[in-house]
Every structure is written in structure tokens, then in C-alpha cells.
Amino acid sequence: MLVNLRSFKQKVRHNAKGMKKFLGKIEKNPPKGLDKMAEKVDAEVWKEVDCLSCANCCKSMSPTFNAKDLKRIAAHLEMSVAEFKEKWLYFEEEDGDWMNKKQPCQFLNLSNNMCSIYEVRPDDCSGFPHLKKKKMVEYIHVHQQNIDYCPATYKMVEKFQELLKK
């Protein structure tokens with residue numbers, strides 16, 4: 001299903017606070033079988049959300065680039081790691097992470113929402129939005145952040161709210 005970013009942002013404005021609180025309760029008192037539920041919900045979410053109609057993560061967030069990412073992407077772009085860092089990244093002192101200098105991501109094609117380095121994209125990107133990580137409870141804080149940016153995360157929380165009402 002296509003994502004309407006305007007509608008998504010309105011829903012976030014109205015519901016994000018409650019959703020984050022809901023996730024906090026799950027974190028403090030995880031229901032039995034949470035990881036199995038996450039797998040089921042993940043499959044449902046991807047039937048309803050089309051990332052290529054959105055790309056809000058690439059438009060408004062920056063992945064962190066680990067050492068393997070830096071080597072892989074630099075090689076793909078036929079440049080040294082130092083050249084890649086100099087051209088595209090900055091070092092975030094507080095967290096010790098390499099991040100994009102600008103938003104949207106320099107590798108995002110805004111006309112079709114496709115990534116020009118998709119085959120070698122950073123691990124952060126390939127795992128995003130981390131819906132069915134093992135031990136979901138350890139990723140609650142990530143989901144709480146991603147509600148604001150990612151329609152798939154938002155949809156996941158909606159589905160969990162429905163499941164856990166029963």
C-alpha cells in the first residue's frame with residue numbers, strides 16, 4: 001500500500017505520545033511470546049506498507065556507518081574510506097558515529113525513492129526499521145524513536161495495540 005506522508009505525519013502528531021507510552025509498558029512487562037508476535041506482525045505490516053512510496057527514513061534520518069560499511073561503500077564508489085568520509089560524512093563526537101552530512105541522504109533518488117547504493121547500503125539501512133529483531137524488548141527504545149519517522153513502525157505498534165487488547 002502506498003504511504004501518504006502528510007496523513008502519516010498527522011497521525012503521528014495525534015498518536016505518537018500514547019504509542020510510545022504503550023511501548024514503554026511492553027518494555028517493563030513484556031507479554032509472553034512477544035518475539036513470536038513480532039514475527040507475525042512484521043509479515044502483516046509489509047503487506048500494508050510500501051517503503052518505496054515513502055522513504056521518509058532516508059529523507060529525515062541518517063544511518064550510522066560502521067567500519068565495514070565505510071570500506072564496502074567506499075570500494076563500491078571507487079574511492080578511499082578517507083575520501084568517502086570527507087565528501088559525505090561527519091563524525092558525531094557524542095556517540096562516536098559516522099553520519100551523513102545532509103538530509104535527505106545523498107544516495108536517495110528523490111524522483112523514485114530508490115537508493116543508488118542499495119546493494120552495499122549501510123547495515124543500519126538494511127536492517128531498518130528493525131521490526132523483528134530477536135529479543136524485541138531490547139529494541140523498544142528504537143521503536144519509540146522510529147514511530148515519528150517510519151509508517152511501518154507506526155503500523156507495527158497499531159497492530160500490537162490491537163493484539164494486546166484481546
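1. In the classes used here, Ala, Val, Leu, Ile, Met, Phe, Trp, Tyr, Cys and Pro count as nonpolar, Asp, Glu, Lys and Arg as charged, and the others, Gly among them, as polar. By these classes, the lining of the largest pocket in this predicted model has 28 nonpolar, eight polar and two charged residues.

2. The largest pocket holds about 1,000 Å³ of space, and among the 38 residues that line it, those nearest its centre are Cys-57, Cys-58, Asp-124, Cys-125 and Phe-128. Two or more lining residues come from each of helix H3 (56-60), strand S1 (64-65), strand S5 (114-115), helix H6 (123-127), helix H7 (140-146) and helix H8 (151-165).

3. The second largest pocket has a volume of about 210 Å³, and of its 13 lining residues Leu-2, Val-3, Lys-11, Pro-151 and Lys-155 are the closest to its centre. Helix H1 (5-28) and H8 each give two or more residues to this lining, and the largest share, four residues, comes from H8. By class, the lining of the second largest pocket has seven nonpolar, two polar and four charged residues.

4. How do the axes of H1 and H8 cross? They come within 10 Å and cross at roughly 55 degrees, which means that H1 is oblique to H8, and the crossing of the two helices is left-handed.

5. On the H1 side, the residues that make the contact include Phe-8, Lys-11, Val-12 and Asn-15, while those of H8 include Pro-151, Tyr-154, Val-157 and Glu-158. The residues of the contact between H1 and H8 divide into 11 nonpolar, three polar and two charged.

Methods:
Residues numbered from 1 in each chain as written. Predicted model: local features only at pLDDT ≥ 70, side-chain atom pairs only at ≥ 80, totals over all residues. Heavy atoms only, no water. 1 Å grid on protein atoms, 1.4 Å probe; cavity = no way out; pocket = protein on both sides within 12 Å on 5 of 7 lines; lining within 4 Å. Points joined across faces, edges and corners; volume = space filled by probe spheres on them. Axes fitted to C-alpha atoms, helices over the stretch in contact; angles between N-to-C directions. Parallel < 35°, antiparallel > 145°, perpendicular 65-115°, else oblique. Left-handed = near helix turned anticlockwise from the far one by under 90°. Contact = heavy atoms within 4.5 Å.
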